[in-house]
2 protein chains.
Amino acid sequence: MNAEIISIGDELLIGQRLNTNAPFIASEMAAAGIGVGRIIVCSDQETSIEDQLAESLERSDIVLVTGGLGPTRDDRTKQAVGSLLSRNLVFDEGVYAQTVERYRNYRREPAPYLRENAMILEGARVIRNETGLAPGMIIRCDEAYPDRWLVLMPGVPREMEEMIRNGVIPFFSEISGGVIVHAHIRTTGTGETVLSELIRPIEDVLPEGTSLAYLPHTAGVALRVSTSGSDRETVEEQNRAIADAIREKVGEFIYANEDITLEESVGKMLADRGLTIACAESCTGGLVASRLTDVSGSSRYFLQGFVVYSNASKEKALGVRSSTLVAHGAVSEEVAGEMAEGCLAATGADITVSSTGIAGPLGGLETKPVGTVCLGVAFRGENGMVECRTETVHVRGDRLRNKIRFSEAALRMVWKTLRDLPV
Amino acid sequence: MNAEIISIGDELLIGQRLNTNAPFIASEMAAAGIGVGRIIVCSDQETSIEDQLAESLERSDIVLVTGGLGPTRDDRTKQAVGSLLSRNLVFDEGVYAQTVERYRNYRREPAPYLRENAMILEGARVIRNETGLAPGMIIRCDEAYPDRWLVLMPGVPREMEEMIRNGVIPFFSEISGGVIVHAHIRTTGTGETVLSELIRPIEDVLPEGTSLAYLPHTAGVALRVSTSGSDRETVEEQNRAIADAIREKVGEFIYANEDITLEESVGKMLADRGLTIACAESCTGGLVASRLTDVSGSSRYFLQGFVVYSNASKEKALGVRSSTLVAHGAVSEEVAGEMAEGCLAATGADITVSSTGIAGPLGGLETKPVGTVCLGVAFRGENGMVECRTETVHVRGDRLRNKIRFSEAALRMVWKTLRDLPV
């Protein structure tokens with residue numbers, strides 16, 4: 001089966017909003033073994049929608065539509081489908097009861113438009129909306145477009161995502177009688193090119209039914225191995241075999257075998273071992289602390305952060321020696337080391353990380369160009385002795401991108417240190 | 001004239017990458033008075049491209065294509081256009097010379113594929129690529145599709161953006177004989193709904209040739225007033241009149257009359273007055289410091305940041321009294337105020353900002369639900385006396401969104417304080 005996505009909304013056609021729905025749907029469908037051949041953004045006028053639906057249903061087995069399902073006059077998707085397939089809109093008691101119930105929980109009186117909201121296309125299968133109001137629908141197009149399926153979903157990302165995961169994918173998996181299994185491999189510290197070089201021998205002979213996706217994320221590339229077939233045991237076995245073979249090739253870059261961020265992985269290691277962390281940042285300007293505290297529950301292990309931009313604050317807050325600043329410059333492994341050690345002493349944390357560098361666009365030097373960062377990690381090693389590691393990393397980008405890459409390198413260094421520490 | 005955008009690339013069809021090119025083009029074209037009726041993502045197979053081009057050229061005056069212009073075997077756009085329009089690819093000396101020259105600057109020998117790169121469609125007008133290699137093209141489709149235009153651009157965002165701004169928009173403006181003028185109004189602290197309510201009386205009677213776009217950004221909504229016409233003076237006058245009328249209606253929410261972020265606006269005010277800033281953050285976890293230091297040149301005014309997650313660090317680093325923590329709880333305006341004042345004393349900055357709140361999803365209380373943040377701003381007022389303002393803000397979202405909204409509220413509070421201070 002092949003699919004096509006139609007995103008409805010004038011706001012997408014004037015560039016007011018990024019179309020994040022279509023890539024999400026495309027990725028989930030691909031993982032379920034259904035390829036998406038086209039993504040189309042079209043205006044929310046009824047005639048445009050109807051024209052586009054007709055064109056897409058000619059071409060594809062499954063047409064997934066988001067947007068235009070609300071109760072306002074701008075929302076014309078249901079009407080366009082009704083006109084194209086010559087079907088009526090009928091009142092659905094179940095949908096109405098569900099939304100009235102939801103309103104009651106908020107202690108609000110049901111608004112008159114809830115009846116309009118509960119009108120669904122004749123013969124449609126309802127996909128419950130667990131967070132919003134407009135129901136989704138799966139429609140078999142019958143005689144008008146034999147064997148074609150139309151899926152209608154709201155444009156609100158959270159509502160649509162839930163419907164795709166819990167309604168749409170299970171439905172099409174069931175009618176195709178298949179099983180799908182995924183394995184997640186999260187890498188950091190290298191790009192798609194290097195990874196695909198390493199994986200190529202496996203990728204070139206991927207067995208039928210298994211696919212591999214490279215999904216970029218902030219800290220690196222996530223690999224997703226998806227296997228589909230009819231027998232669960234066989235599918236799981238094949239998926240595991242391929243995932244394990246890939247893990248063997250790219251092992252040094254893997255930070256997690258589940259779908260989590262680098263900061264979540266670091267947080268898990270800290271929490272599991274009962275360790276605390278603090279950070280001392282110059283060029284990353286608080287971004288390392290911010291990423292560490294993006295993780296829910298981080299207050300258990302994150303103690304404190306310092307953003308020390310000026311030399312004076314590096315000396316005062318962290319005890320960096322002015323002689324070190326003079327001898328090596330603020331951007332040096334020596335200063336990064338003293339920052340990390342000073343942070344350890346000031347906070348009593350078990351591990352600390354520091355950054356000092358040049359995010360740009362100004363401030364680059366011949367020997368220390370824009371994109372240079374010196375990082376330090378300090379921790380209490382055996383016998384409680386303070387140990388300190390430093391490294392220098394070079395990246396290329398604009399100021400914001402450099403800050404992000406610097407913070408990635410810092411988190412990576414913490415992650416590596418924790419990995420190497422005896423538990 | 002109406003337009004249509006085709007984004008070519010299999011990576012967009014499996015959800016591996018967000019399509020940011022199309023919204024950019026759509027927004028620029030809309031500002032130039034050319035509406036985009038459809039955005040289509042299609043596979044990079046030659047037959048798919050050719051089918052899609054034929055379909056789009058039937059429908060729209062201008063078809064803008066990105067992707068598939070590189071020199072590798074995957075790149076089939078030029079071939080697809082050649083086949084559709086029955087045109088040959090011809091070698092362009094100018095393009096070749098330009099890329100060879102660029103290579104020389106990097107002291108590299110011209111690669112053989114540079115000749116392939118310099119093959120352009122017969123009769124095409126070249127759009128120079130200032131940063132990359134593949135040239136863009138504007139093609140009048142002549143007898144095959146009379147009065148239709150085809151624009152080919154690389155998929156690399158930076159190269160494409162430059163071509164749109166410096167090649168494509170000026171070209172179509174010139175053939176339409178028009179002038180376009182924009183006014184930017186940056187607002188913060190409210191949403192599109194409130195703004196459009198306020199602006200409606202003006203929007204309902206917008207003169208022909210002037211359009212208004214609501215463009216969401218991290219800190220709020222940017223308004224862009226675009227006016228097109230044939231006479232520059234008239235166009236500028238009309239644009240200014242409408243922009244001024246809007247400014248009068250939404251004045252309280254405006255932080256800038258140019259296209260800059262809230263943190264840039266705060267930075268400008270600080271730099272212009274020679275003031276310094278420091279921050280003390282709990283729930284925002286370093287994000288306020290990170291945003292302030294996202295601005296190039298921020299080392300001139302940003303002194304230091306504290307990320308104080310634990311009560312102990314609030315006391316130790318900022319001198320918050322434990323009696324205040326006990327009496328009012330960590331999330332209180334009293335603690336926010338002491339954090340801001342303590343930060344002022346510790347750093348000697350002219351103004352400080354603090355945050356303490358509950359980002360969630362855990363930690364919410366009956367009286368202080370998830371999404372509550374208490375903010376403080378301290379500064380030296382008249383006679384050098386320390387003044388302190390506090391406020392409590394409620395937002396709704398997941399942890400990351402709450403952190404972002406909290407940091408916006410903090411920056412907004414700094415901005416308002418600076419606005420009210422005598423210069």
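**View 1. Strands β1(B) and β3(B) run side by side in parallel.** Here β1 (residues 2–8) of chain B is joined to β3 (residues 62–66) of chain B by five bridges. Strands are DSSP runs of E, at least two residues long, numbered from the N terminus, and two of them pair if DSSP finds at least two bridges between them. Zoom in on Ala3(B) and you'll find Ile62(B) of β3(B) standing opposite. This is a predicted model: local features need pLDDT of at least 70 and side-chain atom pairs count only at pLDDT 80 or more, while totals for chains, interfaces and linings use all residues. Residues are numbered from 1 along each chain as its sequence is written, with chains lettered from A and ligands numbered from 1 in the order in which they are written.

**View 2. An open sheet of twelve strands takes in both chains.** Its order is β6(A)-β7(A)-β8(A)-β3(A)-β1(A)-β2(A)-β2(B)-β1(B)-β3(B)-β8(B)-β7(B)-β6(B), and the pairing is mixed. β6 (125–127) of chain A and β6 (125–127) of chain B sit at the edges with a single partner strand each, so one side of each has no neighbour in the sheet.

**View 3. β14(A) meets β14(B) in the antiparallel sense.** Five bridges hold the pairing with β14 (residues 302–308) of chain A. Look for Gln304(A), whose bridge partner in β14(B) is Val308(B).

**View 4. Chain B touches chain A.** In all, 50 residues of chain B are in contact with 50 residues of chain A (C-beta atoms, placed from the backbone, within 7 Å). Elements of chain B that each supply at least two residues to this side include β2 (35–42), β10 (210–217) and β14 (302–308).

Notes
Helix = DSSP H or I, 4+ residues; strand = E, 2+ residues; numbered from the N terminus. Contact = placed C-beta atoms within 7 Å.
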